[in-house]
Amino acid sequence: MSAEAGPQPLRGLRVLEFSHTIMGPCAGLLLADLGADVVKVEPAPAGDHTRRLPGFASGFFATFNRNKRSLALDLKSAEGQAAAHRLVAQADIVLENYGPGTMERLGCGWEQLRAVNPRLVYLALKGFLAGPYEHRPALDEVVQFQSGLAYMTGPPGRPLRAGASVIDILGAVFGVTATLAALRERDATGQGQRVCSSLFESAVFLMGSHMAGAAATGEAPPPMPARRGAWGIYDVFEATDGELFIGVTSDQQWARFTRAFGLDDLAADARLATNAQRAKERSWLLPALQAVVGRLPQAEVEALCEGAGISWAPVGKPADLFEDPHLLAGGGLLQTAISALGGGAQVGLPALPLEFGEGRGRVTLRRQPPRMGEHNAEVLAEAGYAAAEITALSAAGVVMATEPPPEA
């Protein structure tokens, strides 16, 4: 665990997180990174199944579970439910993203827990808000297709999910927003409440501008790869040794762009005087610009764009971000243990994309992602359990923990 950081905005809030995969853990991460004491309540004996996911999902646990404590608790037992209720009595927030009805079957639904703690804010992260679909199971990818996001992302006839779990993460952000609003309301009323965010409605929110555009124009919006561009130069170009995106979004930028690249003939071409005109001439303009860029090394193209104040970016890959100079200079990566690597190996994973005051230093890594049940004893002791009671719960399998890892 790193040294304790300065004052955290949410310090003093107690959170119980019943969650797995991304949406729930991400909501817990947001609260934990901002200073709340987040206890991840994992199902004993197996723990959060996300710990064991293979392939592209093998990094989920490390990414979304830093700054938390772990309590591995068998909620299918009466003793486990009793322990959860004792913890809830001291909590400010419960968050969960299990399937519809699961928390109720485990004795930890909203109506059951509000009787224990009327001041509790209960965040339910679901596939759908109330309505005909509310009992359906859902996944990030499911709602990307259902909402039209996959249709808008892929080329015509080939709907494609986005390249990250954007809806899980957006749903978590909306859920935390509702939670903080409910806490503010609790300050006035003294009463907690249940709040909910969902995958489907979060995906639909992203479609709002496309819906408005369809209503305004009377035309169905085409998928993004086939869209009619709003800017004349807004595309990927190939240099001699790489690719980069270049966006020229104003007439002032066009003047600087043509000057930087020595394109006097294009600067003087009346057909290209305004952005609207350039957008109409893309069929020949973009190949002409590609011919110019294609003769230059990428570093030179980047330098010319940077000097001209033009928007540009290399076509990056996720692994490039480990060495990104901006992230490294600004505290944008937190050295996080990846259990799959073994030996306590750490890599830089993204910090919250926030600044407070002068910089990002207040949003730090205080705890590495926990081992399953690593904090059983201390969390139960804080709830008033005596050492002998904790030992008895452990012996009965109500709480469980993994063995500590080998020395690095």
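## Helix angles

Angles under 35 degrees count as roughly parallel, over 145 as roughly antiparallel, 65 to 115 as roughly perpendicular, and the rest as oblique. This is a predicted model, where local features need pLDDT of at least 70, side-chain atom pairs count only at pLDDT 80 or more, and totals for chains, interfaces and linings use all residues. Residues are numbered from 1 along each chain as its sequence is written, and side-chain values use heavy atoms, without hydrogens and water.

## Domains

The domain assignment, automatic or from a database, gives two parts. Domain 1 covers 14–207 + 326–396, and domain 2 covers 229–316. Their centres, taken over C-alpha atoms, lie 44 Å apart.

## Helices α9 and α10

Helices are DSSP runs (H or I, at least four residues), numbered from the N terminus. Helix α9 spans residues 199–206, and helix α10 spans residues 208–217. Their axes are 4 Å apart, at an angle of about 50 degrees. The two are therefore oblique to each other. Axes here are lines fitted to C-alpha atoms over the stretch in contact, and angles run from 0 to 180 degrees between N-to-C directions.

Contact means heavy atoms within 4.5 Å. V204, F205 and L206 of α9 meet G208, S209, H210 and M211 of α10. Four of the contact residues are nonpolar, three are polar and none is charged. Gly counts as polar, while Val, Leu, Met and Phe are among the nonpolar types.

## Cysteines

The whole structure holds zero disulfides (pairs of cysteine sulfur atoms within 2.5 Å). For C196, the closest cysteine sulfur is in C26, 16 Å away and so too far for a bond.

C196 is partly exposed, with a relative accessible area of 25%. C305 is buried, at 0%. Buried means under 20% relative accessible area, exposed over 50%, and partly exposed in between (1.4 Å probe, protein chains only).
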